[in-house]
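Subject: Structure handover

Hi,

Here is the structure we talked about. Please load it first, then read my notes below.

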Amino acid sequence: MTLKQGINDHHYQVVSISLEQPLERRLESLGLTEGAHITILNNDKKRALTAKFRGTRFALGRRIAEHIEIKESE
């Protein structure tokens with residue numbers, strides 16, 4: 001499933017990120033890497049998705065969120 005399909009207040013783990021190199025590097029510098037745990041705070045399907053990872057809240061655009069593969073976190 002992609003991050004864009006995630007549900008509010010659920011915890012996930014990043015499986016892969018497939019974006020253009022500069023954007024992928026930027027996300028890595030913020031701490032969003034494969035294996036990172038992420039919680040979706042707001043995914044109302046209209047605006048940017050708000051998520052929390054590495055203790056910080058981030059807003060991610062829909063295009064970015066649809067290129068991040070996630071799985072349910074144990």
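A salt bridge here is a side-chain nitrogen of Lys or Arg within 4 Å of a carboxyl oxygen of Asp or Glu. Keep in mind that this is a predicted model.

Salt bridges first. The whole structure holds four of them. One of these pairs E66 with K4, and their closest N and O atoms are 3.2 Å apart. E66 sits in the loop between α2 and β5, while K4 is in the segment before β1, so this pair ties together parts 62 residues apart in sequence. E66 is partly exposed, at 36% relative accessibility. K4 is partly exposed too, at 31%.

E20 and R63 form another salt bridge, with 3.0 Å between the closest N and O atoms. E20 belongs to the loop between β1 and α1 and R63 to helix α2, so the pair links parts that are 43 residues apart in sequence. Relative accessible area is 41% for E20, which counts as partly exposed. R63 is partly exposed at 43%.

R47 and D44 also meet through their side chains, at 3.4 Å from N to O. Exposed or partly exposed: which is R47? With a relative accessible area of 56%, R47 is exposed, because the cut-off for that class is over 50%. D44, at 30%, counts as partly exposed.

Next, the core. The largest nonpolar core has 19 residues. Those touching the most other members are L3, V14, I17, L27, L32, I38 and I68. At least two core residues come from each of β1 (11–17), β2 (37–42), β3 (49–53), β4 (56–60), α2 (62–65) and β5 (68–72).

What does I17 touch, leaving out residues up to four places away in sequence? The list is E24, L27, L32, T33, E34, H67 and I68.

S18 is in the loop between β1 and α1 (21–30). S18 is partly exposed, with 46% relative accessibility. Leaving out residues up to four places away in sequence, S18 touches E24 and H67.

Last, the aromatics. The count is one aromatic pair. F53 and F58 make up this pair and are stacked, at 4.3 Å centre to centre and 15° between the planes. The angle counts as stacked because it is under 30 degrees. Both F53 and F58 are buried.

Best wishes

Note on methods
Residues are numbered from 1 along each chain as its sequence is written. This is a predicted model: local features need pLDDT of at least 70, side-chain atom pairs count only at pLDDT 80 or more; totals for chains, interfaces and linings use all residues. Side-chain values use heavy atoms; hydrogens and water are left out. Rings of Phe, Tyr and Trp (its six-membered ring) pair if their centres lie within 6.5 Å; planes under 30 degrees apart count as stacked, over 60 as edge-to-face and the rest as tilted. Buried means under 20% relative accessible area, exposed over 50%, partly exposed in between (1.4 Å probe, protein chains only). A nonpolar core is a set of buried Ala, Val, Leu, Ile, Met, Phe, Trp, Tyr and Cys residues joined through side-chain atoms within 4.5 Å. Helices (H or I, at least four residues) and strands (E, at least two) are DSSP runs, numbered from the N terminus. Contact means heavy atoms within 4.5 Å.
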